[in-house]
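Please review the following briefing alongside the sequence and the coordinates. It is grouped by topic for reference during modelling work.

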Amino acid sequence: MKAFEYVNAPDLRSASEALGGEPGKAKILAGGLDLLGEMKERIIEPERLVNIKSVPGLNGLSLDRKGLTLGALVTLAEIAAHPRIREGYAALAEAAESVGSPQIRNVGTLGGNLCQRPRCWYYRDEAIVCLKKGGSRCYAVDPQAENKYNAILGGGPSFIVHPSDCATALVALDARVRYTDARGKKHEVLAEEFFVLPSEEVQQETVLKQGEIVTGVFIPAPARGTRSTYVKFKEKDSMDWAVSAVAVRALTDAAGTIQEVRVVLGGVAPKPWRSREAEAVLRGQPFNPALANRAAEAALRDAKPLSKNAYKVPLTRVLVRRAVEEAVTGKKPT
């Protein structure tokens, strides 16, 4: 690991100033799980780390009639264990609980989970300068490439998938991400718009520019009768990133008709992938298994697998069906 300067920022303005304006020269340190991994693997070599754990107010958690407010430094363990989050914002609690191991969740922060970098093998190989690292090509598209974990939706020119579990849940819950810019001005953007595709900005995954810092997340209070869930498939049951995942939020009336619904896919696209096609199938309909099947088909209709990841299509269909049934009926599928 290359030597670096370490700065304890007393406030957000100082943190932004320490980050400077030149990308790559300085990085934010919070939980540090992904950042230090990249540094040890020499994927990045920043000259300065800016510790924001010393900034007051970033670890707050509050609930009121308007909704749930979470600071960027709230840990995943806190989110997963909070009884009121589990009750009213179940998809987020389940997503947080699915991350890594207890040790990782005790250290990992919400802000860090949203801003983590891709896990693509070519990106993570220090010897390969792929498109995400300023190179000229995405190696995952080659017919002989090791691309079993890469994107089947929204890919091009890079085919990474976004690794954040919480991001998928937050888009389903209509959350807003809050951040400050380099001048200290506060911003708030829908979680759905916080993440970007490679076709928009190939070397980054969010709208953040150098010197900008995520400060927290706000989730509006759900309407009475709303349920949500997060369903994830991973290769290692103990701890792993999502091969595929689905978050669903649904509001049904007394007769069981789906009044409003949000379906978001994770692990299959360069950002949390909202399926308006599946939502259109479900909205205004009473739930039944055939309806869930049609929604699942619609969600994956535009999938374009690479040479070794076509298995993600039927896998994700199954997850969509299960997540929709659980969110609508409140019962786990048998």
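Arg42 sits in the loop between H2 and strand S3 (48–51), where helices (H or I, at least four residues) and strands (E, at least two) are DSSP runs numbered from the N terminus. The phi of Arg42 is near 60 degrees, a positive value in a residue other than glycine. This is a predicted model, in which local features need pLDDT of at least 70 and side-chain atom pairs count only at pLDDT 80 or more, while totals for chains, interfaces and linings use all residues. Residues are numbered from 1 along each chain as its sequence is written, and side-chain values use heavy atoms, with hydrogens and water left out.

**Backbone geometry**

- Arg42 counts as partly exposed because its relative accessibility is 38%; buried means under 20% relative accessible area, exposed over 50%, and partly exposed in between (1.4 Å probe, protein chains only).
- Asp174 is not a glycine either, and has a positive phi of about 60 degrees.
- Asp174 is found in the loop between H9 and strand S6 (176–180), and it is partly exposed, with a relative accessible area of 29%.
- Most residues other than glycine have a negative phi, and most peptide bonds are trans.
- Gly156 and Pro157 are joined by a cis peptide bond, with omega about 0 degrees.
- Pro157 belongs to the loop between helix H8 (121–124) and helix H9 (165–172).

**Helix H9**

- Helix H9 is mostly covered, with 8 of its 8 residues buried.
- The buried residues of H9 are Asp165, Cys166, Ala167, Thr168, Ala169, Leu170, Val171 and Ala172.
- At the start of H9, a side-chain oxygen of Ser164 comes to within 3.4 Å of the backbone nitrogen of Cys166.
- That pair can be read against the definition of a polar contact: N or O atoms within 3.5 Å, where within protein one must be able to donate a hydrogen and the other to accept it, and residues adjacent in sequence count only if both atoms are side-chain atoms.
- Just after H9 comes Asp174, with its positive phi of about 60 degrees.

**Salt bridges**

- The structure holds 25 salt bridges, each being a side-chain nitrogen of Lys or Arg within 4 Å of a carboxyl oxygen of Asp or Glu.
- One of them is formed by the side chains of Asp34 and Arg119 (3.2 Å, N to O). Asp34 lies in helix H2 and Arg119 in the loop between helix H7 (110–115) and H8, so the pair ties together parts that are 85 residues apart in sequence.
- Asp34 is buried, with a relative accessible area of 15%, whereas Arg119 counts as partly exposed at 29% relative accessibility.
- Glu192 and Arg274 also meet through their side chains in a salt bridge (3.3 Å, N to O). This pair links distant parts of the chain, with Glu192 in helix H10 and Arg274 in strand S12 (residues 273–274), 82 residues apart.
- Arg274 counts as buried because its relative accessibility is 18%.
- Glu297 forms a salt bridge with Arg317, the closest N and O atoms being 3.4 Å apart. Since Glu297 lies in helix H12 (residues 289–299) and Arg317 in helix H13 (residues 312–329), the pair ties together parts that are 20 residues apart in sequence.
- Glu297 counts as partly exposed at 38% relative accessibility, and Arg317 is partly exposed with a relative accessible area of 22%.
- Salt bridges that share partners join Asp174, Glu192, Glu260, Arg262, Arg274, Arg276, Glu279 and Arg283 into one network.

**Glu212, a buried charge**

- Glu212 is placed in the loop between helix H10 (191–194) and strand S8 (213–220).
- Glu212 is buried yet has no salt bridge, and the nearest side chain of opposite charge, Lys209, is 5.1 Å away; Lys and Arg count as positive and Asp and Glu as negative, while His and the chain ends are not counted.
- The side chain of Glu212 does reach the backbone nitrogen of Lys209, at 2.7 Å.
- Not counting residues up to four places away in sequence, Glu212 touches Ile28, Tyr179, Thr180, Asp181, Ala182 and Val207, contact meaning heavy atoms within 4.5 Å.
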